[in-house]
Amino acid sequence: MNPDSLIFDMDGTLWDAVDAYAQSWTEVFKAKGIPRVMKREDLQKLMGQEVKDLLAAAIPEIPENEREYFYRDVLAQYDIEIPKPKNGVIIYPGVVEGLKELSTKYKLFILSNCDKGGIKLFLNYTGTEKYITDYFEHGENYMPKYHNMKLLIEKHSLQYPMYVGDTDSDSKQSQMAGVPFIFVNYGFGATQNYAAEFDDFSELCYYFMNI
């Protein structure tokens, strides 16, 4: 079946904001007197995880009941870092133009494991909000991605959605939701389980505009 809608992961699929995110962590460490720098490579391998798992891996030295408060400071700093002219954010080639074109044929959604407000940052930064029908963030209910995927599908009565992501976790969550998975291999992860694979966003856009 040809899809009636496309649901996109955000980090590693639509943009790469790891450098700005890592800088946010580093600034909070500094403010709290912790002699530590968050490196891109350390943070990148955690992208896409649910918040509690990310925090357990990123700051195991901080008591579990204090991690959420620490993370709130990181997110507040992230809001500051993103608008800076030299923030290291990379919008993958073809994403803005592709979302515009795809929106003429499909309902488009974004579903991410980011905290509440993360997708809005992306939409504001890229000016793509007018192309997106709806979005859902892990921070809204702290439920697994497959669960929230089903919520979007039910809310909008989607018949043949497909999920576009960049990790094996995305693939597994799609499978659990009963949704075909489309893999973009330029992101943060790898998987062997997908319905289709693309090397760049423009290639993905061309394919879905011509099926």
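Which residues form one aromatic cluster? Tyr21, Trp25, Phe29, Phe70, Tyr71 and Tyr78 do. The model is predicted. Its open sheet has six strands in the order 5-4-1-6-7-8, with parallel pairing, and the structure holds 16 aromatic pairs.

**The sheet**

- From one strand to the next, the twist averages 20°.
- Strand 6 (residues 161–165) and strand 7 (residues 181–184) run parallel and are joined by three bridges.
- Glycine 165 has phenylalanine 183 of strand 7 opposite it.

- Strand 1 (residues 5–8) is covered on both faces.
- Ser5 and Ile7 are buried on one side, and Leu6 and Phe8 are buried on the other.
- In a regular strand, side chains alternate between the two faces of the sheet.
- Four bridges link strand 1 with strand 4 (residues 107–112) in the parallel sense.
- Within strand 4, isoleucine 110 is the bridge partner of phenylalanine 8.
- Strand 1 also runs parallel to strand 6, to which it is joined by four bridges.
- Within strand 6, methionine 162 is the bridge partner of leucine 6.

**A helix across the sheet**

**Aromatic pairs**

- A pair of aromatic rings is described by the distance between the centres and the angle between the planes.
- Among the 16 aromatic pairs of the structure is that of phenylalanine 8 and phenylalanine 201, which is tilted, at 5.7 Å centre to centre with 35° between the planes.
- This pair links distant parts of the chain, since phenylalanine 8 belongs to strand 1 and phenylalanine 201 to helix 10 (residues 201–209), 193 residues apart.
- Phenylalanine 8 counts as buried because its relative accessibility is 0%, and phenylalanine 201 counts as buried because its relative accessibility is 0%.
- Tyrosine 207 and phenylalanine 208 form an edge-to-face pair, because their ring centres are 5.1 Å apart and their planes are at 85°.
- Tyrosine 207 has 39% relative accessibility and therefore counts as partly exposed, whereas phenylalanine 208 has 1% and therefore counts as buried.

Technical notes. Residues numbered from 1 in each chain as written. Predicted model: local features only at pLDDT ≥ 70, side-chain atom pairs only at ≥ 80, totals over all residues. Heavy atoms only, no water. Buried < 20%, exposed > 50% of the residue type's maximum accessible area, 1.4 Å probe, protein only. Helix = DSSP H or I, 4+ residues; strand = E, 2+ residues; numbered from the N terminus. Pairing = 2+ DSSP bridges. Axes fitted to C-alpha atoms, helices over the stretch in contact; angles between N-to-C directions. Phe/Tyr/Trp six-rings, centres within 6.5 Å; stacked < 30°, edge-to-face > 60°.
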